[in-house]
Amino acid sequence: MRVPTFYESIKVDQSMRTYIIRRLLLVIPTLILVSMIVFGGIRLIPGDVVLQLVEEHTFVSTSEADETIDAIRAKLGLDVPIHIQYVRWLNGIFTRGSIGVSLWKGTEVSHLIAARLPTSIELVLLSTLISV
């Protein structure tokens, strides 16, 4: 069995380093594409969340409801085009570390995820244990 020379091992290390760097750089466009698909998919869900919020939580006349709907849309940033909403959402992630506020609960989504994370981890561990 032949042992590789020093120069051959360096060549292998460089090709592996190049492969790893290339794979890591491919993660960036993949994450951007997935975030766009998810963000757009959420907006395609039938129904209007603002109308549902107003119908469930208020008993006002039609003219007051219209003003309330416009105010809620402005507060949530839903009165601007979807591409601006997406850029604002990304900006919030990268500048504040916030993935947004739940429309139903009114709290940070990251707090809601963190509250349910232990149960999710427990389910993953138990299902892995059962499958082995």
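## A glutamine and its neighbours

Setting aside residues up to four places away in sequence, Gln85 touches Phe39, Arg43, Gly77, Leu78 and Val80. Gln85 itself belongs to helix H4. Is Gln85 buried or exposed? With a relative accessible area of 11%, Gln85 is buried, because the cut-off for that label is under 20%.

Keep in mind as you look around that this is a predicted model.

## The chain as a whole

Now let's step back. The chain has five helices and zero strands, so if you walk from the N terminus on, you read the elements as α-α-α-α-α. Of the 132 residues in the chain, 11% count as buried. Gln85 is one of the buried residues.

Among contacts between residues at least 6 apart, 41% join residues at least 24 apart.

On the surface you can find a nonpolar patch formed by Met16, Tyr19, Ile20, Leu24, Val27 and Leu31. Together these residues have about 590 Å² of accessible area.

Take Tyr19 as an example from this patch. Tyr19 lies in helix H1, which covers residues 6-43. Tyr19 has 42% relative accessibility, so it counts as partly exposed; the exposed label would need over 50%.

## The largest pocket

Next, look for the open space in the model. The largest pocket holds about 1,400 Å³ of space. It is lined by 38 residues, and the closest to its centre are Arg43, Leu76, Leu78, Val101 and Leu103. Which elements give two or more residues to this lining? They are H1, helix H2 (49-57), helix H3 (62-76) and helix H4 (82-96).

## One salt bridge

Side chains of opposite charge can pair when their charged atoms come close. How many salt bridges are counted here? The count comes to one salt bridge. In it, the side chains of Arg73 and Asp48 meet, with 1.9 Å from N to O. Arg73 lies in helix H3 and Asp48 in the loop between H1 and H2, so this pair ties together parts that are 25 residues apart in sequence.

Arg73 counts as partly exposed because its relative accessibility is 25%, and Asp48 counts as partly exposed at 22%. The cut-off to remember here is that buried means under 20%.

Let's finish with another residue of helix H3, Ile69. Its relative accessible area is 10%, so Ile69 is buried. Which residues is Ile69 in contact with, leaving aside neighbours within four places in sequence? They are Val50, Leu51 and Val54, and helix H2 spans 49-57.

You can follow one of these partners along the chain. Leu51 and Ile69 are 18 residues apart, and their C-alpha atoms are separated by 6.8 Å.

How values were computed
Residues numbered from 1 in each chain as written. Predicted model: local features only at pLDDT ≥ 70, side-chain atom pairs only at ≥ 80, totals over all residues. Heavy atoms only, no water. Helix = DSSP H or I, 4+ residues; strand = E, 2+ residues; numbered from the N terminus. Buried < 20%, exposed > 50% of the residue type's maximum accessible area, 1.4 Å probe, protein only. Contact = heavy atoms within 4.5 Å. Patch = residues over 30% accessible without salt bridge, like charges linked within 9 Å, V, L, I, M, F, W, Y side chains within 5 Å. Areas by Shrake-Rupley, 256 points an atom, 1.4 Å probe, with all protein chains shown as cover. Salt bridge = Lys/Arg side-chain N within 4 Å of Asp/Glu carboxyl O. 1 Å grid on protein atoms, 1.4 Å probe; cavity = no way out; pocket = protein on both sides within 12 Å on 5 of 7 lines; lining within 4 Å. Points joined across faces, edges and corners; volume = space filled by probe spheres on them.
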